[in-house]
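Please look at the sequence and the structure before reading on.

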Amino acid sequence: MWDKQIIMMIVEGTGVTLYMTLASTLIAYILGLPMGIILVVTAPGGLRPNKIVYKIFDVVVNIVRSIPFLILLMLLIPFTRLIVGKSYGASATIVPLAMAAAPFVARLVESSLLEVDHGVIEAAQSMGAGLWTIIWKVLLAEARTSLIVGGTISLGTILGYSAMAGVVGGGGLGDIAIRYGYYRYQADIMIVTVVLLVALVQILQILGTKLSKKLDRRITG
């Protein structure tokens with residue numbers, strides 16, 4: 001039965017899903033952006049080649065990315081309890097979401113920065129620009145459109161991860177879908193949550209695409 005309580009639950013679940021997705025993406029970029037920069041800078045042929053540092057970050061990123069999210073979520077339960085004080089709920093889910101997404105973000109950042117024309121980097125070096133100046137004013141500035149596209153992809157991916165966290169009581173639309181659609185066989189509620197998840201991904205994709213195009217026009221104009 002669709003009563004006021006069910007509708008409010010879905011509205012609240014949508015808000016919780018957005019909270020988990022946006023907070024996790026922010027933390028994932030705080031962790032993943034420096035990792036991506038380090039991978040580019042220390043890679044063979046990079047601004048500061050360093051085999052050891054590059055190999056360490058490359059291996060760590062590959063290992064974490066290869067672990068399925070649900071397994072990583074369970075592995076991080078002790079760490080989540082240490083940080084948040086509990087292993088269930090929306091805030092607790094942010095920890096494994098961010099940890100799972102950070103290596104993914106690092107690869108997206110690495111890919112975006114590698115697209116920057118090497119001639120622009122060489123021009124900055126010839127004018128005496130230091131490492132940090134090149135990173136901030138050349139690499140990140142030139143790759144900003146690609147970085148925003150990558151951020152949009154990250155939001156969609158993390159939103160999907162947040163839905164999977166419903167299996168262990170993570171909260172949000174995924175939790176509603178599991179509790180009502182799977183355990184109580186209320187297919188209508190599951191369908192609504194799926195439609196809302198798809199709609200959220202589409203909205204985030206549209207906003208990210210518009211922002212990237214706007215910045216791209218600024219660069220070419």
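**Exercise 1. State the volume of the largest pocket and describe its lining.**

Solution. The largest pocket holds about 170 Å³ of space. A pocket here is an open set of points on a 1 Å grid over the protein atoms alone, where a 1.4 Å probe is used for cavities and where a pocket has protein on both sides within 12 Å along at least five of seven lines; lining residues have an atom within 4 Å of a point. Grid points are joined across faces, edges and corners, and a volume is the space filled by probe spheres set on the points.

The model is predicted, so local features need pLDDT of at least 70 and side-chain atom pairs count only at pLDDT 80 or more, while totals for chains, interfaces and linings use all residues. Residues are numbered from 1 along each chain as its sequence is written, and side-chain values use heavy atoms, with hydrogens and water left out.

Next, take the lining: Val-40, Ala-43, Pro-44, Gly-45, Gly-46, Leu-47, Leu-113, Leu-114, Val-116, His-118, Ile-121 and Leu-139. Helix 5 and helix 6 each supply at least two of the lining residues; helices are DSSP runs (H or I, at least four residues), numbered from the N terminus. By class, the lining has 9 nonpolar, 3 polar and no charged residues, where Ala, Val, Leu, Ile, Met, Phe, Trp, Tyr, Cys and Pro count as nonpolar, Asp, Glu, Lys and Arg as charged, and the others, Gly among them, as polar.

**Exercise 2. Find how many cavities of 30 Å³ or more there are, and which elements line the largest cavity.**

Solution. The count comes to 1 cavity of 30 Å³ or more, a cavity being a set of points where the 1.4 Å probe fits but cannot get out. About 60 Å³ of space lies in the largest cavity. Of its 11 lining residues, Leu-73, Ser-87, Ala-92, Thr-93 and Pro-96 are the closest to the centre. Helix 4 (77-84) and helix 5 (90-114) are the elements that give two or more residues to this lining, and helix 5 gives the most, with 3 residues. The lining divides into 6 nonpolar, 5 polar and no charged residues.

**Exercise 3. Describe how helix 4 packs against helix 5.**

Solution. The axes of helix 4 and helix 5 are 9 Å apart, and the helices pack at an angle of about 125°; axes are lines fitted to C-alpha atoms, for helices over the stretch in contact, and angles run from 0 to 180 degrees between N-to-C directions. Helix 4 is therefore oblique to helix 5, given that angles under 35 degrees count as roughly parallel, over 145 as roughly antiparallel, 65 to 115 as roughly perpendicular and the rest as oblique. Phe-79, Thr-80, Ile-83 and Val-84 of helix 4 meet Ser-91, Ala-92, Val-95 and Pro-96 of helix 5, contact meaning heavy atoms within 4.5 Å. This contact has 6 nonpolar, 2 polar and no charged residues.

**Exercise 4. Determine the orientation of helix 6 to helix 7 and the residues in their contact.**

Solution. The axes of helix 6 (residues 118-126) and helix 7 (residues 131-142) come within 11 Å and cross at roughly 160°, which means that helix 6 is roughly antiparallel to helix 7. Val-120, Ile-121, Ala-124 and Gln-125 of helix 6 make the contact with Ile-134, Val-138, Leu-139 and Glu-142 of helix 7. By class, these are 6 nonpolar, 1 polar and 1 charged residues.
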